[in-house]
Amino acid sequence: MKMKVKFLDLKSINNRTVKKYENIFANFLKSGSYVLGTGVDNFEKDFALFCGSKYCVGVANGLDALELILIAHDIGPGDEVIVPSNTYIATWLAISNVGATIVPIEPGDDYNIDTTAIEASITARTKAIIAVHLYGRVCDMRRILEIAHQNNILFFEDAAQAHGACLHEKRVGNLSDAAGFSFYPGKNLGALGDAGAITTNDFEVYTKLQYLRNYGSKIKYYNKYKGKNSRLDEIQALILSTKLEGLAEDNTVRQSLASRYYELLKDVSFIKLPPLPTKTDQHVWHLFVVEVSNRAAFMQFLKEHGVETMCHYPVPPHQQEAYKELSFDLPKSEQIHANTVSLPIGPTMTTTEVEYVCDIIKKYGLIL
């Protein structure tokens, strides 16, 4: 029997708490406080507590979060920032937008930055490393921290895909000098629009970020820095505080679905499964990404049988027209971006749906 399996059913995810949303909006409307109100304050406190960090600053989106982190640490023209080559373009854009130089590092077997290649790329101009917890899996943080400390450079996390992920029971957002988060609707913790945040344990950086996100001002009309208009929207903060209560449970569902995918696909020869997490890290499976040859045919077959898939991401940053002035040889990233397919996964997806997806994948194997 043919089923329809959405890649991520945002409607069903948010319908679980629609009554709460209606009450939130009614109270928000009555409050008369619509920008940087108690909703933002409360979410910042709640999210900092969730991550285990001392401070959180709500901003407009994930790209701004990364960019503001760099600005707050005085990184700009003449500075180099080491970054994964296998990532969404936003990680690179943050570096470009502050005028710094991108130094890309190819991925290891886990799709995250290859820590064995970092040291060879450090120069006298290297100011920071940005590690991306891609697809919801924590990077090799211990090794990166060692490298950063040994070379007296800063270390930041792009945690846009890893809300709640852990390493040795310590959550992302509390593993580096600062971390940037996106709460785009499709994230594990998703708003109902654009939203982002920064976490840090440095009080001076925290204070500076509060200025920078609000035109460089904390007192209206008095501007200490050349800042941005990048405030976390009050209504999004209220929504996020409500959704944060169920994030751990939602992540548990994702982990269960990922385990079922492994059980059913481990012997399928034409698919390369993502590496299993170790005993010390907690993967939150923002995406379940597999590698296949002839990706277009594979995705089309699944589509014809009612299964939505996506490609994260079809073109690596260094091959985008936006970076046509750059010339990098990054074959591992090119291979990943050419062959990966994201299978459906989400907190309202059922085991039955996973089993159906796997059945269709096995049927595809019969026609190869």
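This is a predicted model: local features need pLDDT of at least 70, side-chain atom pairs count only at pLDDT 80 or more; totals for chains, interfaces and linings use all residues.
Biologist: What volume does the largest cavity have?

Modeller: On a 1 Å grid over the protein atoms alone, a cavity is a set of points where a 1.4 Å probe fits but cannot get out, and lining residues have an atom within 4 Å of a point. Points are joined across faces, edges and corners, and the volume is the space filled by probe spheres set on them. Searching the whole structure turns up two cavities of 30 Å³ or more. For the largest, the volume is about 90 Å³.

Biologist: Which element gives the most to the lining of the largest cavity?

Modeller: The lining has 15 residues, with Ile 13, Lys 187, Asn 188, Lys 243 and Asp 250 lying nearest the centre. Two or more residues come from each of α1 (10-15) and α9 (247-265); helices (H or I, at least four residues) and strands (E, at least two) are DSSP runs, numbered from the N terminus. With three residues, the one that gives the most is α9.

Biologist: And how much space lies in the second largest cavity?

Modeller: Its lining includes Asp 110, Arg 137, His 283 and Trp 285. By class, eight of the lining residues are nonpolar, one is polar and two are charged. The space in there is about 70 Å³.

Biologist: On to pockets: which residues lie closest to the centre of the largest pocket?

Modeller: A pocket is an open set of grid points with protein on both sides within 12 Å along at least five of seven lines. The largest one holds about 680 Å³ of space. Among its 33 lining residues, the ones closest to the centre are Tyr 88, Ser 182, Tyr 184, Lys 187 and Tyr 313.

Biologist: Which element supplies the largest share of the lining of the largest pocket?

Modeller: By class, the lining has 19 nonpolar, eleven polar and three charged residues. The elements that give two or more residues are α4 (62-72), α5 (89-97) and β8 (178-182). The largest share, four residues, belongs to α5.

Biologist: Is Gln 210 buried or exposed?

Modeller: Gln 210 sits in helix α7. The side chains of Gln 210 and Lys 218 make a polar contact of 3.3 Å (N or O atoms within 3.5 Å; within protein, one must be able to donate a hydrogen and the other to accept it, and residues adjacent in sequence count only if both atoms are side-chain atoms). Under 20% relative accessible area is buried, over 50% exposed and in between partly exposed (1.4 Å probe, protein chains only). Because its relative accessibility is 15%, Gln 210 counts as buried.

Biologist: Which side chain does a polar contact of 2.7 Å join to that of Glu 80?

Modeller: Glu 80 belongs to strand β2 (residues 80-84) and is buried, at 10% relative accessible area. Beyond four places in sequence, Glu 80 touches residues (heavy atoms within 4.5 Å) including Thr 101, Thr 123, Arg 125 and Lys 127. The side chain at 2.7 Å is that of Thr 123.

Biologist: Which residue in β3 stands opposite Val 81?

Modeller: β2 and β3 run parallel, joined by five bridges, and DSSP has to find at least two for strands to pair. In β3 (residues 101-105), four of the five residues are buried. Opposite Val 81 stands Ile 102.

How values were computed:
Residues are numbered from 1 along each chain as its sequence is written. Side-chain values use heavy atoms; hydrogens and water are left out. Ala, Val, Leu, Ile, Met, Phe, Trp, Tyr, Cys and Pro count as nonpolar, Asp, Glu, Lys and Arg as charged, and the others, Gly among them, as polar.
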